[in-house]
Amino acid sequence: MESPSHRSDAQPKPSFAELFTPKLITVLREGYGWDKLRSDIVSGLTVAIVALPLSMAIAIASGTTPDRGLYTAIIGGFIISALGGSRFQIGGPAGAFIVLVAATVQQHGLDGMLLATLIAGIILMAIGLLRLGTYVKFIPYPVTVGFTAGIAVIIFASQIKDLLGLTLHEAEPAELVEKLEVLFGALGTFNIAAAGLALLSIGIIVGLKRWRPGWPGMLVAVGLTAVIALVFKLPVETIGTRFGGIPNALPMPALPAISVEKLQAVLPNAIAFALLGAIESLLSAVVADGMTGRRHRSNCELVAQGIANIASSLFGGVPATGTIARTATNVRAGARGPVSGMLHSVFLLAFMLVAAPLASYIPLAALAGVLAVVAWNMAEKHAVWTLLRSSRGDALVLLATLLLTVFKDLTYGIVVGFALAALQFINRMAKGTEVAPGAAGPLDDVADGTTPYDPAMSSDRDVVVYRISGAFFFAAASSVSAVLDRIADQHKALVIDFSAVSLLDSTAANAIAGVVGGAARKGVTIYLSGAKPYVRQALANHGVAAPGAHFADTIAEAVARAREHRLAEA
């Protein structure tokens, strides 16, 4: 295959500095004046108003305290915007992490979660610096939709207790079936006041989104329900009664407890944090690109995500990532660059410093209502329905990922879903590999529908021409080589045309080498025509060369040489 340096239209490879220059620097170089700053102030404030209740709700659902969600949005969000590769990315705690963080806290404690977040940050930096960000985008769409919908189901299930104001006399199980059994057994403790506030919270958010989309529905819902609970002295749990409120200052940074045993224990959790963070942040950046027509720098974004997670762990926060809903809100609010995201963190810090005592009055039922809406929006119902109708393969991948995410865990869901999607892709690619004319491969008992070449091209019965088309790789290698072996048994010379081969891997090259070797032992000469440079090199690397095989540029040349060889032998 020609290298880019050999093509006249090739673009020069970007330098390290170009790949990892934060978009903040790019925006400032373009010129940044008062008009742009004013737009970023408005959009930053808008996003901060959305992020304030959401950050606390996500932290609580993750098994930590509400202040840790704010620390993540303030510290992690600022770094993601300042150092990231997207102009519009808003970072902070994300609903997608609730399941993983809650499980990590339950298994390894708060220190274990902080250590896993720190390691995840290091892994994300390594992924970015090794320029592997592009490969993260290869997660198949049915897998993404499946695990997102699965997470949505788990988030909603985790909020049933606070939505209904139930009182549990035992720890709430993490597994869905056991959780539902315990919650069903506690229905006798149903709190009508809590359920009413939760329903009111959901109604306000949904109603304002429909009739007043410019209003901060989540903040209005949380604030109004807090006022109602306080004025009417409703018997419901609040942030103050459960957590004692939130501090009005950032903590001093500190390393989590580190030991070899702890590192080994939390490493799988850290890898899961890093992979989910990479997927979520790059997906969010792609959404922002689609809304604005700009392009983000994937690897720069991952490095920034890594630094943000390291910093978040030092300040006691949960994992930070790019957030799709808040990023979209940032774009719609008129953001002009990363300064908006940085200001969103500054405004959150100001809210925490000034209004921390008021947060104590927020009912947990209202925050549960916020997360119920988040879960509903995450589920991507239209995408699920579309994939279920599109093909049996896509439906299988989607359902396997969703069900394993819900009933096993997220890691199993992604791994199995990706494996099924890969097998489906391999099967489709293998079916697209054809050998013309006619004979089907030994693994199929139906005609493959290929058409023969012009008979005039190969009128000599001892010289036959066949073409391989499509991606010729390991899944098709056995079938194709068996067909060619059978053909070589019936002729004195075989021309194999490679001009329509779009891909050739080492397994396929080795299979052709086997065909050439077998044909040579029977006195049959192989001619290979139309092979692209990288295909020819791959075949040569596996020993496909004279005297058993000869390369030609065209079919006509290969046929002519084969006939000359036959006449010379005669």
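This note walks through the fold, surface, cores and backbone of a predicted model.

1. **Overall make-up.** The chain carries 23 helices and seven strands. Its C-alpha atoms fill a box of roughly 105 × 60 × 55 Å along the principal axes. There are 570 residues, and 51% of them count as buried.

2. **Contacts along the sequence.** Take the contacts between residues at least 6 apart in sequence. Of these, 82% join residues at least 24 apart.

3. **Surface and charge.** Side chains number 41 positive and 37 negative. The centres of these two sets lie 7 Å apart.

4. **The largest nonpolar core.** This core holds 81 residues. Which members touch the most others? They are Met56, Phe147, Ile151, Ile239, Leu367 and Leu371. Helix H5 gives the largest share of the core, 14 residues. A second core is separate and has 33 residues. Its members include Tyr466, Ile468, Ala519 and Leu539.

5. **Met56 in detail.** Set aside the neighbours within four places in sequence. Met56 is then in contact with Pro66, Leu70, Ile239, Ile246, Ala359 and Ile362. One of these partners, Ile239, is also listed with Met56 among the core members that touch the most others.

6. **A cis peptide bond.** Most peptide bonds are trans. The bond from Ala546 to Pro547 is cis, with omega near 5°. Pro547 sits in the loop between helix H22 (533-541) and strand E7 (549-552). This is a spot to look at in the structure above.

7. **Arg131.** Most residues other than glycine have a negative phi. Arg131 is not a glycine, yet its phi is positive, at about 60°. Where is Arg131 placed? It lies in the loop between helix H5 (98-129) and helix H6 (133-136). Arg131 itself is partly exposed, with a relative accessible area of 35%.

8. **Glu380.** This residue also has a positive phi, about 50°, without being a glycine. Glu380 is found in the loop between helix H16 (364-378) and helix H17 (381-390). Is Glu380 buried or partly exposed? Glu380 is partly exposed, and its relative accessible area is 30%.

Terms used
Residues are numbered from 1 along each chain as its sequence is written. This is a predicted model: local features need pLDDT of at least 70, side-chain atom pairs count only at pLDDT 80 or more; totals for chains, interfaces and linings use all residues. Side-chain values use heavy atoms; hydrogens and water are left out. Helices (H or I, at least four residues) and strands (E, at least two) are DSSP runs, numbered from the N terminus. Buried means under 20% relative accessible area, exposed over 50%, partly exposed in between (1.4 Å probe, protein chains only). Contact means heavy atoms within 4.5 Å. Lys and Arg count as positive and Asp and Glu as negative; His and the chain ends are not counted. The place of a charge is taken as NZ of Lys, CZ of Arg, CG of Asp or CD of Glu. A nonpolar core is a set of buried Ala, Val, Leu, Ile, Met, Phe, Trp, Tyr and Cys residues joined through side-chain atoms within 4.5 Å.
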